[in-house]
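I opened this entry to record what I looked up in the structure. My notes follow in the order of the look-ups.

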Amino acid sequence: MTLLLFFGYGLIHAQNNVVKGKVLDNQGALPGVSVLVKGTTTGTITDFDGNYTIKAKPTDVLVFSYLGYENMETKIANRNTINIILKSKVSSLDEVVIVGYGVQKKKEVTGAVSRVKEEDVAKSATADLGSALQGLIAGVNVTASSGDPGAEANVQIRGLSSVLGNNRPLYVVDGIPYDNNPNISMNEIETIDVLKDGASAAIYGTRGSAGVILITTKKPQAGVMKIRMDSYYGVQKNFRHIPVPTVEEKLYIQFLNKYNQSGTVFGNSWTTIQANPTQLTNNSNFYDVIENDLAPIQSHNLSISGGKDGLSYNINGGFFGQEGSLIKSNYERYNVRANTQYNKGKWKIATGMSARNEYTQYSPWGLILDAIRYNPYGVQVTADQTSIEDTGGDNSEATRLSYLGYKLQTSDKAFRDYFDGNISAEYSFTKNFKYTARGAVSYDNSTRYTINPSFIAYDNKGDLVPSQQSKVRNSSSRATKRTLEHILNYNKTFGKHNLGLTAVYSAERYQYSEFFAEKFDIVDNDITVLNGANGLANAGSGNNQWTQNRVTKFIGTLGRLQYNYKGKYLMSLSARRDGSSKFNEQHYEWFPSASLGWNVSDEDFWKPFKSTVSTFKTRMSRGTTGNSGVGDYSYSAGIVLNNDYVLGSGATDQNYIQGATQTSFANKNVKWETSVSTNLGFDFGFFNNKLTLTSDFYVTEKRDMLFPVLLPPSAGGGSGSDVVLNVGDMRNTGIEYSLNYRTGKKFKHNLNVNFTKNTNTVTKMSGTNKLLYFDDSTVSGHSNDQDKVSALAEGYIAGAYFLMKTDGVIQNEAELLEYQKIDPTAKLGDLRYVDADGDGKITNDDRRFAGSGTPDFELGLNYSAEYKNFDFSMQWYGSFGAEVINGGKALGYKESNNKDLIYQWSPQNQTSNVPADRGALHNNYRGWSDYWLEDGTFVRLRNISLGYTVPKKVIDKLTLSKLRFFVTAQNPLRLTNYTGYDPEVGNNGLSTRGIDKGTVPQSSKITAGMQLEF
């Protein structure tokens, strides 16, 4: 009995042995390390200080695992305390990066490849991946297209890639290519690798000319199940306005305008106030109506990961919501992603599924422009107003207010449902040779509902004001994509020689369709279906490059050889042959690349410098990529129906015949745009790689670019018709530096500074078409805005401004007499234009290059620090040398509704540099003038964050492994001399870049949140 009790006690004691310890690396404690009893599901993770506690038998084995470190196993062997030091798998230069269809040690990379991690992009409170990348990577230019919620930023890698083709980089998520931003949640991302040079991007052939962004989502990790929640909530604050006058100031400006145009003065100048004196009591401001100050922004994310026995999983679900800074703008997104991986023998099966639901509400277009022109003594229109009983003012004022009321009642909402799934199966024939088959499918369905309700307004006489026709419009689109890839990889070491071979076959089929239906004259504003209107009905399908129904097919084959000797002498060669259905005569093209590298610091002669310059590598590459981002069926002529014509002669023989018109011309020889990029790079590591410096110098030649060529009306396409031909060349040259410093044990801090300079030049245009203005590059949004200002011109940057130079305001009689020699109609107070071509008159030929909306160079500064339980980070971004055209100011002048006009030239203010107000069509306020041009340089504090992690002794009581609270400010500070809303004016990235024509500015944000882990 005694022996039985003794053995029973020993068994119970063995089963309940408590093991404690601490896990560290060479810099200190490691939080979040998985500690698992081998062969069981019993496990835990280390706390913030690296401590763990687990119950196990004396005969058990503990397995310690952590991302980026080598797994370690140790027998318990009756020990109660086990401290572990994990070894990093790689040094900073041996870190594995994704290079497309494979991985490489950073030390062996011969191209220009940069990496950021989840913690870098997750600091920004945004739904857009591009916005989160701003200032993080040298060579990646990110400019906000707009401050609207859900708006995508313009991302350009090493400058402009195409004029009419695709300028967006290729996104590749877990090996699956996407032509557009994949819109994934920041919390789904594990790493982002950016392929910047042609040799690195050439493995994606026709789609790599604008660079490649490789996104790896969070992968499953076997071990104890981990649950993590990230959540924040905040508010947004709007920036400044274009200054608008008060009632008294507006009247003074109007009297000056009448004096300048007709010579009348106060007392004999009629205004609408005389007809309706009660308007003097108004002090209307439309900004108060359209702005949504302190709009909420929030994000909530939950992830679960774990697994055992070869099967692991990672599930991530999240919600992002943001109200816009303007009324009736909103964006909501729900994301779910599930990744699984199964390992069995020589097989590795991985699956990924993603679903996304988006809701976007668009504010009525041009509200900021409406606020700029709003009459301060006019009736104040409100956002919820369904009618106006007395518009006051004259007929034009009544019509304008009726239109504004109609616009404010507009409802414009879009719903999007997206799903994709992928599966890859990898089979290892041997340790060195494996085959991977990967397939993916995606479905993207969108529906948009636009309701323009009826709006009733009466003028001051009680008469009904004619209003816009009410309308309901529904549009729907569907896109499907199927991708299939077969990949062979062979990697072998022969003594000191390392060889890698890759062969790829890739095929993709993309199909898109769109249609709309609309009906006019809504009977009741509460009934917003198509059948709720009884007027004219209309239906149709997409009719341009982006909305037309189309099927696009890609086929590609790739061969790549990677070789290095002792990891010292490096070489990579690749050739890809791509085919696209977008071309008629030349479906296929070859895209080769080659790159070399030399780890100089591995040489014996470098040993004396090792203590200071730890690593030194030089890289050189040359690669060819293509751009197939042209419109489908561009090799065919375009025919537009419903262009009717009268045939016959005389009063009785004429017949009205339904007809069609050819609006674009066939070009069966349309072919690939080609980019040839040469890159020279140097990588340095100082003081055992605590300080690293990467520098790159590149030249990219763009050949056979698709440019529009103007045709004479006799060609049959009408006035202003053109044909798109491969007639253009362009060059990008640039310099990039990235400096990183990391140090500290108790007080850890990391500093990164990056510098980017890219110079773009159009080097060739067709025949006599050496200057071509973009149709959408007008300045102010005024109805009589007749001047285009942004152009393609040989020898200049794409999207260059060509403006009339001015030399101040004519302030006295002597100046007037001199200027009237070239403009006899000039008067005192007029702008003095420069006769640049010296022909004795002011004409359109006097325009000269005046910069562009593209910066001369950019700087990014990113700093983070940790001390005990506190963490701090901040991100700065600076854009230098861009020019911005202040279209809001131009509109205010044209509408006689800008505070500056109080100080305009007049006989009583003859030293003013503000030109006299002579109406919207006068040369003083034309859009072609450099008077609206301003320095767009700015420095922005993009993000500043302070966090606190709750100590272990507190969270142990809550059965948590981590609990962190943080507060973040985004865009709280901006330094600029620009007088408009926001100097960061991206718009479409080319023709309207830098033209601030009512672009919604970015707001500042303050958020607070928490992170917790189980």
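I began with S506, which is buried at a relative accessible area of 10%, because buried means under 20%. I note that the model is a predicted one. I located S506 in strand 28, which covers residues 497–520. I then listed its contacts beyond four places in sequence, among them Y101, F554 and R576. E485 is also one of these contacts, and its side chain makes a polar contact of 3.4 Å with that of S506.

I found an open, antiparallel arrangement of four strands in the order 4-3-6-7. Strand 4 (43–45) and strand 7 (72–75) are at the edges; each has a single partner strand, so one side of each lacks a neighbour in the sheet. I recorded an average twist of 20 degrees from one strand to the next. Strand 3 (residues 34–37) is joined to strand 4 by three bridges, and I noted that S34 has I45 as its bridge partner.

I then examined the aromatic pairs, of which the structure holds 38. For F319 and Y334, I noted ring centres 4.7 Å apart and planes at 45 degrees, so this pair is tilted. F319 belongs to strand 20 and Y334 to strand 21, so the pair ties together parts 15 residues apart in sequence. F319 is buried at 17% relative accessibility, whereas Y334 is partly exposed at 44%.

Finally, I checked charges over rings. The charged end of R473 sits over the ring of F516, 4.1 Å from its centre, and K481 lies over the face of Y178, at 4.2 Å from the ring centre.

Methods
Residues are numbered from 1 along each chain as its sequence is written. This is a predicted model: local features need pLDDT of at least 70, side-chain atom pairs count only at pLDDT 80 or more; totals for chains, interfaces and linings use all residues. Side-chain values use heavy atoms; hydrogens and water are left out. Helices (H or I, at least four residues) and strands (E, at least two) are DSSP runs, numbered from the N terminus. Buried means under 20% relative accessible area, exposed over 50%, partly exposed in between (1.4 Å probe, protein chains only). A polar contact is a pair of N or O atoms within 3.5 Å; within protein, one must be able to donate a hydrogen and the other to accept it, and residues adjacent in sequence count only if both atoms are side-chain atoms. Contact means heavy atoms within 4.5 Å. Two strands pair if DSSP finds at least two bridges between them. Axes are lines fitted to C-alpha atoms, for helices over the stretch in contact, and angles run from 0 to 180 degrees between N-to-C directions. Rings of Phe, Tyr and Trp (its six-membered ring) pair if their centres lie within 6.5 Å; planes under 30 degrees apart count as stacked, over 60 as edge-to-face and the rest as tilted. A charge sits over a ring if NZ of Lys or CZ of Arg is within 6 Å of the ring centre and within 35 degrees of the ring normal.
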